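Have the sequence and the coordinates open as you read.

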Amino acid sequence: MRVTADQTFPIRLELNGRSREALAEPRTQLCDFLRHDLGATGVHVGCEHGVCGACTVLVDGVAMRSCLMLAVQGHERRIETVESLADDDTLSDLQQAFRRHHALQCGFCTAGILMSCVDFLERVPNPDETQVRDMLSGHLCRCTGYTGIVQAVLEVAAQRQTNKGVKQ
Amino acid sequence: MTTFQPATESPTSHIGARQTRVEDAALLRGLGCYADDAAIPPGTLHAAIIRSPHAHARITSVDFSRALLMKGVHGVLVGEDVKRWALPFPVGVRQPMEHWCVAVDKVRYVGEPVAVVIAESRYLAEDAIEGVRVEYEPLPPIIDPELATAEQAPVLHEAVGSNVVNERHFRYGEPEQAFEQAPHKVSLKVKFPRSSCTPIECYVVLAQYERATGIYDVLANFQGPYALHTVMARALNVPGNRLRLRTPKDSGGSFGIKQGVFPYVVMMGLASRKVGAPVKWVEDRLEHLQGASSATNRVTEIEAAVEADGRITALRYDQIDDCGAYLRAPEPATFYRMHGNLTGAYAIRNLQVRNRVVLTNKTPSGLNRGFGGPQVYFALERLLQHIAVQLKLDPLDVIRRNLVPADAFPYRAAAGALLDSGNYQAGIALAAADGGLDELLKRRDQARAEGRIYGIGYAAVIEPSISNMGYITTAMTPEERRKAGPKNGAVATATINVGPLGDVSVHVSSAPQGQGHQTTVAQVVAEVLGVALESIVVNVELDTQKDAWSIASGNYSSRFAGAVAGAVYKAALKIRDRLAAIAAEQLQASPEDIRFAGGKIFVVNGGAVAPFHRIAGATHWSPGLLPEGENGGLRETAFWSPPQLEAPDDKDQVNSSLCYGFVFDICGLEIDRMTGEIHIDRYVTCHDAGRLLNPALVDGQIRGGFTQGLGAALMEEFAYGEDGSFLSGTFADYLVPTAPEVIEPMILHMETPSPFTPLGAKGVGEGNNMSTPVCVANAVADALGRSDIRLPLTPSKVRTLIGIDEPPRPAGMEPDENLDAVPAGGPALRANDSVVIPASPQQVFDTLLDPQTLAAIIPGCHDLVLEGENRYRADVTVGVGMIRARFEAKVALSDLDPPHSLRLSGSGSSSMGSAQGQAKVRFVELENGHTRLEYQYQVAVSGKVAAVGGRMLQGASKVIIGQIFTRLSQRVSGQAISTGWWARLRASLGALFGKGGAQ
């Protein structure tokens with residue numbers, strides 16, 4: 001599909017399990033599209049150059065910087081944002097652990113960090129602290145000093161391993 | 001004074017509990033409401049700011065006619081509009097300086113706003129920046145604060161006539177005599193760099209000017225409003241009630257930095273007035289790093305009169321604060337926030353101070369977590385360490401010998417601080433014992449025995465909190481203060497409302513940015529009123545038109561726990577007293593016997609019981625049956641200002657804060673001899689912040705402050721080129737600590753309640769921002785035996801301190817002296833390279849002189865027009881990293897020595913900044929008749945390209961300059977050079993079909 005710079009283009013995507021569609025210019029950043037056109041304001045924009053990680057979302061299950069993607073690149077993709085993590089009443093295990101370990105203060109970077117953690121724990125179900133810190137190096141948090149975040153991720157990984165053991 | 005007493009007989013105490021946070025349920029779901037999430041009125045327009053690429057220049061013209069024709073543009077706000085409608089910002093010292101929200105005649109720092117484009121979307125507004133043409137007449141900049149004090153230095157504000165805009169001398173005790181009598185005088189000169197705690201959320205302002213009422217209605221993630229509301233209202237030239245300022249529920253961090261939103265509140269208010277519609281502005285990261293705010297950089301010469309045992313009898317400070325291009329409120333507060341406690345944790349009675357406030361061509365400085373503390377302690381605690389080295393004493397002994405005695409509290413320090421409570425000796429003993437100092441000392445011995453570089457540093461720090469709003473007037477002389485009228489105190493405000501169903505709501509005037517105020521407030525109210533914590537709703541939004549607020553330092557100066565939570569406690573007591581009177585009548589008991597717990601109000605010792613909601617509801621449902629004097633409704637507001645915060649006296653003594661916590665840190669670190677990298681082995685931080693209201697949140701504050709302190713110590717710096725170019729415009733250039741670089745500090749607590757706050761709590765949020773930079777520096781000084789420690793201690797800096805002998809330059813790599821003639825810019829870089837061309841030197845030389853060739857080989861050249869002999873005007877698009885800009889360039893060939901050498905130079909400017917470069921080209925004939933074209937080049941850039949492209953510059957210029965000569969080679973050897981997209985497409989299609997590409 002070819003579009004010109006000032007033409008808008010209908011973007012269809014699956015956002016948090018729901019099919020959504022809106023118009024976007026070819027240059028519209030994915031983060032802006034998710035926030036302002038689809039209302040997913042849980043996606044936070046901190047640097048717009050791919051360093052701070054606050055805007056991280058899952059695209060087809062993989063953590064991506066939505067500030068470094070265009071809305072058109074989200075076309076016909078499955079996108080999950082922080083709004084997808086909790087059930088109506090219950091926070092996910094990761095969210096609960098963040099709360100227990102005081103892993104957030106202002107909460108601005110948290111949305112992106114949670115999404116990276118979701119992806120990471122899928123791929124590395126039993127990480128050590130070095131791996132967790134390495135994964136977090138793609139995120140900037142100015143409030144917490146990262147301690148609570150590291151503790152929360154390690155605890156959730158351990159819990160999930162235990163739960164898996166029980167099920168088996 | 002009232003001190004904290006358990007408010008109920010309930011065994012479950014909320015105050016002091018490690019309560020998880022009320023805020024997290026929304027924040028973890030992505031349901032926070034930050035400023036950019038707020039709904040905007042229909043028809044809201046969006047702003048983009050045009051900023052100066054020059055550090056110092058006169059604005060000769062601003063032409064925005066082309067922008068007005070661009071898509072979606074509604075208007076452009078310029079200096080003339082601002083002059084017509086507004087006033088300059090008031091400043092804290094009496095000097096003829098004008099700071100407008102948009103530059104009116106001169107620009108004085110890179111990034112200073114020059115015009116505001118207002119369009120239908122942020123994208124369109126940013127597009128239209130290209131349509132505004134600003135002509136500048138550059139002036140010589142001054143960047144170094146010491147050089148700025150010189151008489152011949154370029155002056156920023158001509159009307160002042162000097163860059164030193166405020167100078168004060170202070171004398172306490174008999175410092176001259178003490179220095180005369182002292183057996184030792186030890187001095188040190190230190191420099192503290194610029195940095196910022198950089199919140200992850202940038203500034204956001206949504207402004208609407210209501211033409212009918214003349215009210216500016218503004219929503220901003222400002223950390224206020226408080227004292228700065230008056231500054232904004234005066235700049236907008238309206239009474240306070242015509243600036244309605246609102247702050248949203250959530251803020252993505254501030255650390256003081258969001259105080260710097262205030263000029264934009266005024267700017268966007270005026271922008272809205274210009275276009276007659278609401279205007280929204282969301283700052284981007286480059287704008288934030290280069291133009292938002294910064295900690296004040298300081299140069300200090302400090303000297304102590306010292307006895308043989310290390311006891312200090314007098315201190316002398318000579319301090320220069322570099323506040324940037326304008327003295328922006330609350331500056332020069334960086335000096336005076338710490339003034340009363342300049343003698344730190346030490347009982348030093350004789351003190352002499354010289355404070356000079358200097359302006360330079362940098363971003364105006366402002367609040368940054370630790371405000372004033374890191375600068376003072378970097379001098380004072382470095383000096384203590386240096387005294388120990390000079391006198392061959394143990395640094396810890398020098399600290400111990402000078403401490404304020406434990407039985408001396410409250411202690412009036414030399415410059416006027418009334419140190420409220422503490423036991424510094426006990427704090428140090430606790431840190432040494434539980435922190436394992438003996439073991440650390442052994443590790444140092446062992447490491448050194450093995451030839452490794454290991455050091456231990458200490459820092460003893462007084463952490464002031466709850467600022468005296470009058471301290472800033474210490475910048476004025478006593479006579480000036482008398483004329484202006486006294487300023488003192490700091491009013492904290494809280495309101496509690498109990499609804500008809502017994503539901504409790506609280507509002508605090510505090511504007512938090514992540515500290516968990518909703519949680520702690522709920523803890524205090526739950527404890528006093530005996531209701532479930534979860535049932536309480538705490539509102540932390542602020543609306544200056546509807547909410548109770550007053551002049552105070554807001555949430556800055558760590559005043560929440562001591563002052564704001566104290567005001568909440570006072571308001572809760574008022575509600576409780578009223579309810580006790582009502583319950584006493586209904587339950588037929590005396591009010592003193594009424595207790596509150598478990599959602600019930602009851603008579604002590606198993607007496608009558610009533611549900612909380614029934615007694616509270618009576619104030620709404622049956623006011624006629626209430627006791628006499630009870631008017632019904634149940635809402636109480638408490639204003640609290642401590643009497644200890646007096647105005648500075650005629651001897652310039654000032655109790656600059658209400659509370660003074662104590663922090664003692666120990667740092668053990670090892671330095672990699674090869675790389676200069678610092679590995680923190682252990683970091684112990686012991687805090688006495690009075691009574692802890694929620695230890696989990698306190699530890700969170702300490703960890704965060706420690707990490708920022710570590711960043712300031714090791715990596716963070718706002719770097720400026722000699723020409724004033726800002727060089728730290730991305731998070732890849734301005735490095736902040738990430739998870740792998742951070743270690744977990746060992747946190748220790750002791751609690752000496754403050755006698756001056758309602759709950760005995762003191763502030764705790766800033767201590768490590770003050771202590772950690774100098775503690776790490778002291779450890780490095782100890783490790784390397786050096787006294788000249790400069791922050792941040794980057795590996796390259798440490799490597800230089802270790803000392804290395806630079807090997808001689810390899811043969812043939814000597815620099816071309818002529819290349820140094822390129823004017824100093826931002827990051828100048830030099831390199832050389834060569835390419836072999838299958839043609840004779842004469843052929844190559846002639847080809848290069850051909851204009852058509854030149855147009856074809858300059859990458860991104862759209863147009864090349866001959867201006868004179870071998871001089872051209874060109875239109876060139878160049879990309880560096882994420883930046884791509886169209887430059888109006890000048891290209892010239894000079895120093896022609898056919899067919900041996902020539903010089904190719906170019907310079908250009910664009911909306912992204914300016915660039916200049918030159919290459920010395922040599923044509924060396926090879927044996928086969930071909931030519932080796934050797935080129936040595938130098939490039940300098942400024943403006944936005946320098947701020948965000950610095951890291952990429954080396955690679956980008958290599959590629960771009962390499963392209964010039966590769967294309968030349970292709971052209972000479974007869975291969976076609978294609979420049980248009982069609983040619984590129986043809987070439988790639990050719991390559992695809994195996995026909996060989998043209999490129």
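Chain A has 5 helices and 5 strands; helices (H or I, at least four residues) and strands (E, at least two) are DSSP runs, numbered from the N terminus. Read from the N terminus, the order of elements in chain A is β-β-α-β-β-β-α-α-α-α. Chain B comes to 25 helices and 36 strands.

A word on conventions before going further. This is a predicted model, in which local features need pLDDT of at least 70 and side-chain atom pairs count only at pLDDT 80 or more, while totals for chains, interfaces and linings use all residues. Residues are numbered from 1 along each chain as its sequence is written, and chains are lettered from A and ligands numbered from 1 in the order in which they are written.

**Overall dimensions**

| Chain | Span of the C-alpha trace |
|---|---|
| Chain A | about 55 × 35 × 25 Å |
| Chain B | about 115 × 75 × 60 Å |

The radius of gyration is taken over C-alpha atoms, and the globule rule is 2.2 Å times the number of residues to the power 0.38. For the 168 residues of chain A, a compact globule would have a value near 15 Å, and chain A has 17 Å, which agrees. For the 999 residues of chain B, the rule gives a value near 30 Å, and chain B has 32 Å, which also agrees.

A residue is buried if 20 or more other C-beta atoms lie within 10 Å of its own, exposed if 12 or fewer, and partly exposed in between, with C-beta atoms placed from the backbone. Buried residues make up 52% of chain A and 56% of chain B.

Two residues are in contact if their C-beta atoms, placed from the backbone, lie within 7 Å. Taking contacts between residues at least 6 apart in sequence, 59% of those in chain A join residues at least 24 apart. In chain B, 77% of such contacts join residues at least 24 apart.

**Chain A and its domains**

Domain bounds come from an automatic or database domain assignment. Chain A is split into domain 1 (9–83) and domain 2 (86–166), and the C-alpha centres of these two domains lie 22 Å apart. Their contact takes 15 residues from domain 1 of chain A and 13 residues from domain 2 of chain A. On the domain 1 side, β3 (56–59) and β4 (62–65) of chain A each supply at least two residues, and the largest share, 3 residues, comes from β3(A).

What classes of residue make up that side? Ala, Val, Leu, Ile, Met, Phe, Trp, Tyr, Cys and Pro count as nonpolar, Asp, Glu, Lys and Arg as charged, and the others, Gly among them, as polar. The side of domain 1 of chain A that touches domain 2 of chain A has 10 nonpolar, 5 polar and no charged residues.

**Where the chains meet**

The contact between the chains takes 41 residues from chain A and 43 residues from chain B. The elements of chain A that give two or more residues to this side are α2 (93–100), α3 (110–123), α4 (129–136) and α5 (147–167). The largest share, 4 residues, comes from α2(A). By class, the side of chain A that touches chain B has 18 nonpolar, 15 polar and 8 charged residues.

Chain B is divided into domain 1 (45–139 + 204–253 + 257–282), domain 2 (147–195 + 294–475 + 646–802), domain 3 (491–640) and domain 4 (828–977). The C-alpha centres of domain 1 and domain 2 of chain B lie 35 Å apart, and the contact takes 23 residues from domain 1 of chain B and 29 residues from domain 2 of chain B.

A nonpolar core is a set of buried Ala, Val, Leu, Ile, Met, Phe, Trp, Tyr and Cys residues joined through C-beta atoms within 7 Å. The largest one has 360 residues, and those with the most contacts inside it are Val117(B), Val205(B), Val265(B), Val525(B) and Val568(B). Helix α17 (residues 560–587) of chain B gives the most to this core, with 15 residues. Not counting residues up to four places away in sequence, Val525(B) touches partners including Ile496(B), Ile536(B) and Val568(B).

Finally, Ser657(B) has its place in strand β27 (residues 657–671) of chain B. Ser657(B) is buried because 34 other C-beta atoms lie within 10 Å. Ser657(B) and Gly489(B) are 168 residues apart in sequence and 9.2 Å apart in space, C-alpha to C-alpha.
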